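Here is a friendly note to read with the model open beside you. Take the points one at a time, and find each residue as you go.

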Amino acid sequence: MSQRTEFFEDRGVAVLPSYTRTGKALPSPSNRLAQLVQHLGPVCETAVDSQQIAAALEAHGYNDRMVLERYGYPNVFELAETLFRIVPRKTAPAKRRVYKVSNTLRELSHGLFYGMPGLFYPAVFAWLGPQEATLGLILSAILGWSWSQGMIRLAYVLMGRGFAPEARLLLRTMMFIGLGLAALIAPVIRGSLELVALVVLQMAYHMASGVLLLYKRELWLLLTTSPAVLAGLVFLLAPDLLGAAPTTLVMMGSVLLSFAAALITLQAKATYSPWKVLQRADWLDTLPLMLYGLLSAIFVFLNPFWHWITNTPIASGLAVVPLVLSMGGLEWQLRVFLERMSLLLASTNDLGVFARNVNRIFLSVLASYGLLLLVLSLLALVFFDLRDSQAQIFLVANFLLGLGFFVAFTLTSMNRTLRVLLGMVLALTVYVAAFALSLQGLLPLDGHLSYLLGCGVFTIYLLLVALPVLRELRNYQ
C-alpha cells in the first residue's frame, strides 16, 4: 500500500559523530572505541547478546569496511563481540512509554490519505472512460508504489547518517525523475494525452503524499487536497452540477498543489551530493523494497486488470476500500509492536523470557489490527451494500491480504525483504495457476476465489516465516 512514514528531525537524528560529515577521526584506536562506547552505552549495557549490538551498529550505517578502517576489527560482529565483552551488563528499568493520542490519530489519518484518490475516480472514469481510467490507475499504482518505496528508503539511509539536507535533495530530484518515468509509460503503450496526464498526476500524488507524510506535514496534505475531495463528493452526490471535466480539472489542481507543498518541504541547502554519499550497497538494498512495492501493486490490481482486459465492470472494486483505509492502523500497530519490544529488551536479559513473550506480543498487535480491518470491512459491506457474492469474496480476500501486509511490513523492518518477496511470488504463482486452471474448467474456481486462495497462501506463508524470525535478537535495533 504505502511505505511506513517515520521521521527523524534534522537536529535529532541519532547518529554517531565518528562517521557524520562533521566527525573527525580520534587519535588512537582506544580513544575511538571509548567514544563509540560512550555513544552506544545504553545499547551495550542492556544488550542480551552481541548480535543486538551488531544490529545497532548496522542501523547507524556501519559496515565491515568502515569498522576495519576506523577500529581495526575485521567485521561488524567482531566489534560487537568486543563491545559486549567490555561493557558491563545492567538491566534497565522498564519505563512505561507515554502514548500520545496525537501520534495515534496522525498515523490513523494516513489511511484516509491513502484512500483519498478513491474519491477522484468516479469523475475521472466519467471524463476519460472506464477502460483508459482503469489502465491509468493500474499503471500509476505499479510505478508509484515501487518508486516511492525506493525514494523513502534512500532518504532514511541519508537521514540516519546525519545527512538530512542531502536526503531532501535526493527526494526532490527523484520526484522529478518519477514524473519523467510516468510520462514515458503512456506513449510506450500508445495511450492518449488524457491517459498521460492521469498517470503523471497519479504518480505525482503518490510521491507528494509520501514526502509530506514522511515529514509530518499531514495538515499540508489535507489543505492541498481539500478542493479535490470536495469536488469529488459533489460529483458523487450531483454529477451534473459540475460535470466530469471541471471536477477532474479541480482534482488536477489539487494534486499540483500537493506536489508544490512537497517541494517546499524539501527545500534545503545540501553540502554534499547525495549520490556520492550513498554507497553501492545502499542502492542494492533498496532494490528489494522497490520490487516489493511493485509486486504488491501487481497483486492488488490483478483483478482490476482482468476486468480491464475483459471490459467488464469492477463492482467488487469497492471491497478494497477497507484495506486501503486500514493502512494507517497498520502503521499504528506496527509502532506499538516495536515500542513494546523495546520495553521487553530493556527489562530482561533472559533469553527464555524474551522468547516466551515476543510471539505473544506480535500476535496481540496483529489481532488488534485485524479487528480494525474487520470493523472497516463490515462497515463497507453495509455502506456500499455489497450483496454480490463476488464482492463479498473479494472483501474476505482483502482482509487476509491486510493481515499478510502487516506481517510483511514487520519483516521488511527487520531486513527480511527477500523472504517477503518469496511469499509474494509464491502467492502470485498460486493465484495465476488457480485462475488459469479454472478458466480451463479444471478447478471449480473463478477469478475471485483464485484471488482469495492467493491471499490466503501469502498470509499463511509469511506467518510461518515471521514467528521464528521474531525470536532472533539481532532483528531489534
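How many salt bridges does a search of the whole structure find? The search finds five, where a salt bridge is a side-chain nitrogen of Lys or Arg within 4 Å of a carboxyl oxygen of Asp or Glu. Before we look at some of them, please keep in mind that this is a predicted model, in which local features need pLDDT of at least 70 and side-chain atom pairs count only at pLDDT 80 or more, while totals for chains, interfaces and linings use all residues. Residues are numbered from 1 along each chain as its sequence is written, and side-chain values use heavy atoms, with hydrogens and water left out.

1. **A link across the chain.** Start with Arg106 and Glu218, whose side chains form a salt bridge at 3.4 Å, N to O. This pair joins distant parts of the chain: Arg106 sits in helix H6 (residues 101–115) and Glu218 in helix H11 (residues 218–237), 112 residues apart. Helices here are DSSP runs (H or I, at least four residues), numbered from the N terminus. Both partners are buried, a word that stands for under 20% relative accessible area, with exposed for over 50% and partly exposed for what lies in between (1.4 Å probe, protein chains only).

2. **A pair within one helix.** Next, find Glu339 and Arg335, which meet in a salt bridge of 3.3 Å, N to O. What separates them along helix H18 (residues 327–347)? They are four residues apart, about one helical turn. Glu339 has a relative accessible area of 14% and is therefore buried; Arg335, at 14%, also counts as buried.

3. Asp385 and Arg387 form a salt bridge at 2.7 Å, N to O. Elsewhere, salt bridges with shared partners connect Glu107, Arg335 and Glu339 into one network.

4. **The cavity.** Rolling a probe the size of a water molecule over the atoms shows where empty space is left. A search of the whole structure finds one cavity of 30 Å³ or more. On a 1 Å grid over the protein atoms alone, a cavity is a set of points where a 1.4 Å probe fits but cannot get out, and lining residues have an atom within 4 Å of a point. The largest cavity has a volume of about 140 Å³, a volume being the space filled by probe spheres set on the points, which are joined across faces, edges and corners.

5. **What lines the cavity.** Of the 13 lining residues of the largest cavity, Phe120, Val124, Leu198, Leu201 and Val255 are the closest to its centre. Helices H7 (121–128), H10 (193–214) and H13 (244–265) each supply at least two lining residues, and H10 gives the largest share, five residues. By type, the lining has eleven nonpolar residues, two polar and no charged. For these classes, Ala, Val, Leu, Ile, Met, Phe, Trp, Tyr, Cys and Pro count as nonpolar, Asp, Glu, Lys and Arg as charged, and the others, Gly among them, as polar.

6. **A nonpolar patch on the surface.** Now look at Ile177, Leu181, Leu184, Trp275 and Trp283, which make a nonpolar patch with about 430 Å² of accessible area together. Such a patch takes residues with over 30% relative accessible area and no salt bridge, with nonpolar side chains (Val, Leu, Ile, Met, Phe, Trp, Tyr) joined within 5 Å; areas come from the Shrake-Rupley method with a 1.4 Å probe. Which helix gives the most to the patch? Helix H9 (residues 164–188) does, with three residues. Leu184 lies in H9 and, at 53% relative accessible area, is exposed.

7. **Two positive phi angles.** Most residues other than glycine have a negative phi. Lys216, in the loop between H10 and H11, has a positive phi near 60°. Asn415 also has a positive phi, about 60°, without being a glycine. Asn415 belongs to the loop between helix H20 (389–413) and helix H21 (417–439), and its relative accessible area of 55% makes it exposed.

Technical notes:
On a 1 Å grid over the protein atoms alone, a cavity is a set of points where a 1.4 Å probe fits but cannot get out, and a pocket is an open set with protein on both sides within 12 Å along at least five of seven lines; lining residues have an atom within 4 Å of a point. Patches are made of residues with over 30% relative accessible area and no salt bridge: like charges are joined within 9 Å, nonpolar side chains (Val, Leu, Ile, Met, Phe, Trp, Tyr) within 5 Å.
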